[in-house]
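Here are some notes for a colleague who is opening this entry for the first time.

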Amino acid sequence: MAGDFETILYEPDGAVATVTMNRPDMANAQDSRLIDELDAALDLADADDAIRVVILAGAGKHFSSGHDLKAIVGGEGADPWVALRETPEGKFQHEKTMYFDRCMRIHDFRKPTIAAVQGSCVAAGLMLAAMCDLIVAADDAVFSNPVLRLTGAGVELLVEPWEIGIRKAKEFLFTGDTIDAQEAWRLGLVNRVVPRAELTRRTRELADRIALVPPVTAQVVKDTLNHTGTLMGKRDALKYHFMAHHWVHNTATALDALAARKAKGSMKEVIAERDAGRPRPQP
Ligand code: ZN
């Protein structure tokens, strides 16, 4: 059964359901509707006993450019959370509900999941892909998380140490440098790299193989592997970072940068001024 969605496609086919973020003109930036619809699509996949594996994909050139910042801080969106974000309490509630809990729901989803990643996979795009059990990357996939320079303390879930190791995570986050598909494979961030034109087919082939495992077995082993991560401290570390991330959100440094962005309409200019050491007029 297909849902009635605006920002995603839900396509159950045999034992595999494909959920495709479908805002290609926005590089699949994630606004609240898209996040809600992803969650609803997982409800469908969870309830459908025929579905054994879920593929998470992005339509168009890019997997996802991350949070749809225009919807949240651009001051022009009708995103229902914008008003709530005016207070630290509301901001926390928004990010806990829409980012942390929704991501962990994917991480903990009982059926195996595979992300099919092409083009840019930025910040919260990487956070989302990392929630899946496996990642298949197209050879044009590029991973980045440049938000530290923008003042943000990573995104809400700091997945990098678990995906690429702590030392590489430090370099990746401090520099904002990109990781291409081959490097991502070498670091263990992705399982396979395939030609861009074959991404859909090759991801589906992998899903079909996983679907041969009896569901109860696949689900129990997934749970054990996730629990191993929990015992290694993954869940606690993610929660710790989420709280720290919010502390930074509410610092004078971050609030000032946000106010400057609203005044200028672009973070680029704000950062350029800061890099040049030029004093900014106070907003
Ligand atoms: Zn945040």
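1. His-241 has a relative accessibility of 10%, so it counts as buried, the limit being under 20%. This is a predicted model. His-241 belongs to helix H10. A polar atom of its side chain lies 3.0 Å from the backbone oxygen of Ala-153. Apart from neighbours within four places in sequence, the residues in contact with His-241 are Ala-153, Gly-154, Val-155, Glu-156, Leu-157 and Leu-158.

2. One of those contacts, Glu-156, is also a donor to the zinc ion. Along the chain, the donors of the zinc ion follow the spacing E-x60-E-x88-H-x3-H.

3. His-245 counts as buried at 2% relative accessibility, and His-249 counts as buried at 18%.

4. Helix H10 also takes part in aromatic pairing. Two aromatic pairs turn up in a search of the whole structure. In one, the ring centres of Phe-92 and Phe-242 are 5.4 Å apart and the planes stand at 55°, so the pair is tilted. Phe-92 lies in helix H3 (residues 88-107) and Phe-242 in helix H10, so this pair ties together parts that are 150 residues apart in sequence. Phe-92 is partly exposed, with a relative accessible area of 28%, whereas Phe-242 counts as buried at 2% relative accessibility.

5. The rings of Phe-100 and Phe-242 have their centres 5.1 Å apart and their planes at 50°, so this pair is tilted. With Phe-100 in helix H3 and Phe-242 in helix H10, the pair ties together parts that are 142 residues apart in sequence. Both Phe-100 and Phe-242 are buried. Through these ring pairs, Phe-92, Phe-100 and Phe-242 are linked into a cluster.

6. Helix H11 (residues 252-264) has 13 residues and spans 18 Å from its first C-alpha to its last, close to the expected 18 Å. Which of its residues are buried? They are Ala-254, Ala-257, Ala-260 and Arg-261. These cover an arc of only 125° around the axis, which puts them on the same side of H11. Ala-252 and Ala-263, on the other side, are exposed.

7. The cover over the buried residues of H11 includes helix H2 (69-73), helix H10 (234-249) and helix H12 (267-275). After H11 comes Gly-265, with a positive phi near 85°.

Notes: Residues are numbered from 1 along each chain as its sequence is written. This is a predicted model: local features need pLDDT of at least 70, side-chain atom pairs count only at pLDDT 80 or more; totals for chains, interfaces and linings use all residues. Side-chain values use heavy atoms; hydrogens and water are left out. Helices (H or I, at least four residues) and strands (E, at least two) are DSSP runs, numbered from the N terminus. The expected span of a helix is 1.5 Å times one less than its number of residues. Buried means under 20% relative accessible area, exposed over 50%, partly exposed in between (1.4 Å probe, protein chains only). The arc is that of the directions from the helix axis to the C-beta atoms. Contact means heavy atoms within 4.5 Å. A polar contact is a pair of N or O atoms within 3.5 Å; within protein, one must be able to donate a hydrogen and the other to accept it, and residues adjacent in sequence count only if both atoms are side-chain atoms. Donors are N, O and S atoms within 2.8 Å of the metal (3.2 Å for Na, K and Ca); water is not among the atoms, so sites may look incomplete. Rings of Phe, Tyr and Trp (its six-membered ring) pair if their centres lie within 6.5 Å; planes under 30 degrees apart count as stacked, over 60 as edge-to-face and the rest as tilted.
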